[in-house]
Amino acid sequence: MLKLRLINPNSPLTTITLPDIIQKMTMGRRALFMPVNLAICAAVTPSEYHIEIIDECVLDKPHVPRNDVDVVGMGAMTTQAKRAYALADEYRKLGVKVILGGIHPSALPDEALEHCDTVCMGDAEGTLPYALNDLAAGRPMKQKYNWRDYPSAPIATPRKDLLNPKDYLVFNPIQTTRGCPHSCSFCTTPAIFGRHFRQRSVESIVDEMKEAMETGSRFFIFSDDNFAGNHRWALELCDAITPLKIKWASQCDILISNNEKLLAAMRRSGCQGLILGLESPNPDTLTEARKNYVRAETYPPRIKTIQKHNISLWGAFIFGFDNDDWRNCQATVRFAHRAGLVMSCYPILTPYPGTVLFEEFKKQGRLLTEDWDKYNGATVVFQPKRMTVEQLRYAQMAAFCDFYRPRSAFARLKLWPLKKCSWLANIAIYRGLVYYYHKQRRPIPSFSDFHHKLEE
Ligand code: B12
Ligand code: SF4
């Protein structure tokens, strides 16, 4: 039997994900999410392979490569790329074949090939079996297996049995769809997985959920980019999972507010919350981000429509577009307060390879670094237009601190009806922030500092 080792490389830790902070935020678990990508790779691996999964994010010490396997497969988002390359180099020195896949190697396959034998571009389902079959048959593996060159394969059911549920806060993420019909300039999803929206079979999703329920799971995360990219299909899925009497959360675009029938079905099927990629309440910023499927002015009534169905909303915003100065950033946080969002996040705009934004910034000479460790949403990697690098980073942290401070949480969440999970999450995040600044012996950042300290 051939031996395959699948590795989830550790990623450099950002302000929000230092290990002790992660442990504070995840109630003692070692990582937030289990690596579904590798569980899917395992599911589509031909039967002549023995498979082992190593998640470096949950190890006490970094993984040390050993030549006790025939082939290693690693997946990498951009922040994991450097670590994946370092491990790949070491494995190749030991004579072990290395396959790289995932978002970053799919965006920059030639860069990845400097460190590995083979790159699988796009879905593992449509590439990895071909590479592994070639290896098992003694044929040389190709340098690139591109999912677009092969017949489309259905989204697979991940093999979760190869991971330890106790390591993860979220052990039951389920991906139900892939791709996104929209084309926002900063987003890797349409760039790598296409604008053709693909759905998994409803039956296989229900089966995976039933199996998880046997081990006590009642809360699920659908880890899609856009759960409701196809309203008819989403309705079918909701109807199928309603009898399971579970709770779930996911992320989708705000056009869901157009379909109250679907919203009602989502709530009936256990939907507790949705993450909405709002980016900014400022119309000019949305135009700049090519988020042209919705107008910012319609955000407030759309949000109210969704909340009316008793679905809590988390807002995903981005700071640092050319249109943004610190006042816009503050206005965004105020918007999130007013809208009664139970959670929100404020990553710094990051030009990920493969996106329109990356190409534009590169052409304009505005990329400050191509050190992928820094492409973590907490570091400014390009020259902003209306803020300095320091101001942009400060605005991000002021936004987090402002939004999650207890007074704001009281105003947004109220005490009744009790939103237990949202309260716990708000408290955990604020605890993490206070701990971080206490450890650094620095005061908690605030937008008011811009008036007297930071404004030039
Ligand atoms: C859950 C999630 C997280 C989780 C954990 C992710 C994990 N398990 O490692 C958490 C919350 C920690 C997280 C954090 C971040 N995330 Co995130 N996350 C996601 C999300 C929503 C789902 C990931 C997932 O499970 N997908 C399902 C799997 C099956 O998809 P996949 O990983 O792409 O794998 C498929 C293929 O890529 C390929 N493949 C993958 N690996 C391999 C390996 C081999 C060998 C092969 C052959 C193929 C292969 O096959 C798989 C199956 O088809 C995605 C969006 C998405 N839809 O993917 C964003 C996403 C991956 N995250 C993203 C970002 C930007 C981040 C952050 C930087 C955000 C931030 N600003 O803080 C941080 C990074 C923090 C850090 N410390 O570095 C971006 C990545 C962009 C990029 N170029 O890297 C995504 C794509 C969102 C987006 N649309 O922009 N994230
Ligand atoms: S709607 Fe969301 S997933 Fe789709 S392209 Fe825009 S940011 Fe990406």
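Which residue, with a positive phi, follows helix 8? I looked it up and found G216, whose phi is near 100°; helices here are DSSP runs of H or I with at least four residues, and strands are E runs of at least two, numbered from the N terminus.

Before going on I noted that this is a predicted model, in which local features need pLDDT of at least 70, side-chain atom pairs count only at pLDDT 80 or more, and totals for chains, interfaces and linings use all residues. Residues are numbered from 1 along each chain as its sequence is written, while chains are lettered from A and ligands numbered from 1 in the order in which they are written.

For helix 15 (residues 389-404), I found 14 of its 16 residues buried (20 or more other C-beta atoms within 10 Å of their own, C-beta atoms being placed from the backbone), so helix 15 is largely enclosed by the rest of the structure.

Next I turned to the domains, which come from an automatic or database domain assignment: domain 1 covers 2-149 and domain 2 covers 165-455. I found 27 residues of domain 1 in contact with 25 residues of domain 2 (C-beta atoms, placed from the backbone, within 7 Å). On the side of domain 1 that touches domain 2, helix 4 gives the largest share, four residues.

Terms used. Buried ≥ 20, exposed ≤ 12 C-beta atoms within 10 Å, placed from the backbone. Contact = placed C-beta atoms within 7 Å.
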